[in-house]
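Look at the fold as a whole before turning to single residues.

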Amino acid sequence: MNDKVSAMFVNFILIICVCDCFGFLDGKRFNPGNQLRQLQNHEHGNQPRQWQELVTFVYQKIEGMERLLADKDERVDQLESKMASQEQAILQKDAIIDRLAKRVSDLETIVMVNPIQEAPEPQSHPKSNMDLPALNITTKLGVSQTSSFEADGIRTTDDSQQLSGENHLLYQTDKKEEADTMSISKMWRSRQNRVAAPPVKQTVAFHTALSVRKSFKTGAIIIYDHEMLDHGDGYSPSDGLYIAPESGTYVFTWTTLGSSHEEFQTVLIVNGAVRGSSFSDTSGVGDYHQSTAVVVLTLNPGDHVFIRMGVTQLAQGDIVSEDIRYGLSTFSGWKLD
């Protein structure tokens with residue numbers, strides 16, 4: 001489109017130059033005022049034929065440019081209309097996707113809250129006299145007898161009381177109700193087998209302890225080398241670091257059994273920052289002293305947590321951990337679901 005407009009503009013300039021040349025040939029310069037007067041004379045029929053053709057050519061070019069501009073505007077309007085309709089369709093599809101996602105979430109919540117319970121086994125109850133149907137009794141001799149059981153007792157009608165001989169009775173009863181009950185029970189158990197209950201999610205947790213009595217200097221990491229529980233594989237007994245496997249709220253607790261005539265501090269470190277502390281003081285007594293601290297934190301996956309020896313009275317802090325007599329010094333943590 002731009003190329004066409006440029007070509008028309010160039011043609012128009014060339015026409016003006018040619019007209020100017022005609023003026024020089026006649027001994028006159030090109031003057032717009034003179035050309036206007038000549039155009040007015042042309043309206044009265046006095047203009048030369050060449051000038052009329054030139055004016056007609058210019059008018060045609062101008063009309064062509066106007067038509068091209070009108071076509072361009074129409075195409076732009078069509079494109080804008082298509083874009084608006086496509087945006088509306090995208091919004092409708094997004095709304096449908098949101099509704100489907102909400103429905104799936106609701107179904108998952110229903111399955112988690114109301115797991116399918118196994119149907120109880122049907123219990124069989126003895127039928128009373130009211131529930132017993134009438135029995136048709138046929139003797140071996142081909143004589144028919146009918147016995148009716150009623151609520152107030154048993155009434156028997158015998159059409160052939162004079163007959164004697166060995167009779168073989170064949171009882172025909174209706175088993176439809178019992179068969180229907182057994183069929184429903186089997187169908188429920190089959191559905192229970194097809195729809196498995198969702199697996200139980202295991203809570204992220206760990207529990208460790210010192211295997212033996214150890215001493216630590218200020219700033220040293222207390223490595224609890226006896227790992228007793230680690231759901232989530234977050235604790236490393238080789239370096240004493242716990243790395244959070246999931247984001248959420250965690251509870252950490254550690255118990256320290258200090259030796260006699262000692263005074264030291266233990267601190268909880270999360271990503272290099274102190275987030276909790278505990279103090280054991282047996283400097284004035286000749287016995288062991290136990291201290292426990294609990295800290296609740298919000299962690300992200302990959303956060304590092306460990307226990308470090310803080311300020312000590314002596315050169316080292318002596319931590320006792322003897323399961324048989326005194327007790328263990330432990331470090332534990334778990335994620336709140």
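The largest nonpolar core of this predicted model has 24 residues. A nonpolar core is a set of buried Ala, Val, Leu, Ile, Met, Phe, Trp, Tyr and Cys residues joined through side-chain atoms within 4.5 Å. Buried means under 20% relative accessible area, exposed means over 50%, and partly exposed is in between (1.4 Å probe, protein chains only). Phe252, Leu268 and Phe331 have the most contacts inside this core. Two or more residues each come from strand S9 (248–258), strand S10 (263–270), S12 and strand S13 (304–312). S12 gives the most, with four residues. Strands (E, at least two residues) and helices (H or I, at least four) are DSSP runs, numbered from the N terminus.

Leaving out residues up to four places away in sequence, Phe331 touches, among others, Phe206, Tyr224, Phe252, Leu268 and Val305. Contact here means heavy atoms within 4.5 Å.

The model is predicted, so local features need pLDDT of at least 70 and side-chain atom pairs count only at pLDDT 80 or more, while totals for chains, interfaces and linings use all residues. Residues are numbered from 1 along each chain as its sequence is written, and side-chain values use heavy atoms, with hydrogens and water left out.

Next comes the sheet. Strands of a sheet pair through backbone hydrogen bonds, either parallel or antiparallel. In this model, five strands form an open sheet in the order S7-S8-S13-S10-S11, with antiparallel pairing. Strand S7 (235–236) and strand S11 (273–281) are the edge strands, each pairing on one side only. Two strands pair if DSSP finds at least two bridges between them. Strand S8 (residues 241–243) and S13 are joined by two bridges in the antiparallel sense, and Tyr242 stands opposite Val305 in S13.

Which charged side chains meet? There are four salt bridges in the structure, a salt bridge being a side-chain nitrogen of Lys or Arg within 4 Å of a carboxyl oxygen of Asp or Glu. One of them joins Asp318 and Arg213 (2.7 Å, N to O). Asp318 lies in strand S14 (residues 317–320) and Arg213 in the loop between strand S4 (205–209) and strand S5 (214–216), so the pair ties together parts that are 105 residues apart in sequence. Asp318 is buried, at 12% relative accessibility, whereas Arg213 is partly exposed, at 36%.

Another salt bridge joins Lys335 and Glu246 (3.9 Å, N to O). Lys335 is in strand S15 (residues 330–335) and Glu246 is in the loop between S8 and S9, 89 residues apart. Lys335 counts as buried because its relative accessibility is 10%, and Glu246 counts as partly exposed at 29%.

Finally, consider the surface. Is Thr298 buried or exposed? Thr298, in strand S12 (residues 289–299), is exposed because its relative accessible area is 62%. Apart from neighbours within four places in sequence, Thr298 is in contact with Gly248 and Thr249. Thr298 and Gly248 are 50 residues apart in sequence, yet their C-alpha atoms are 5.6 Å apart.
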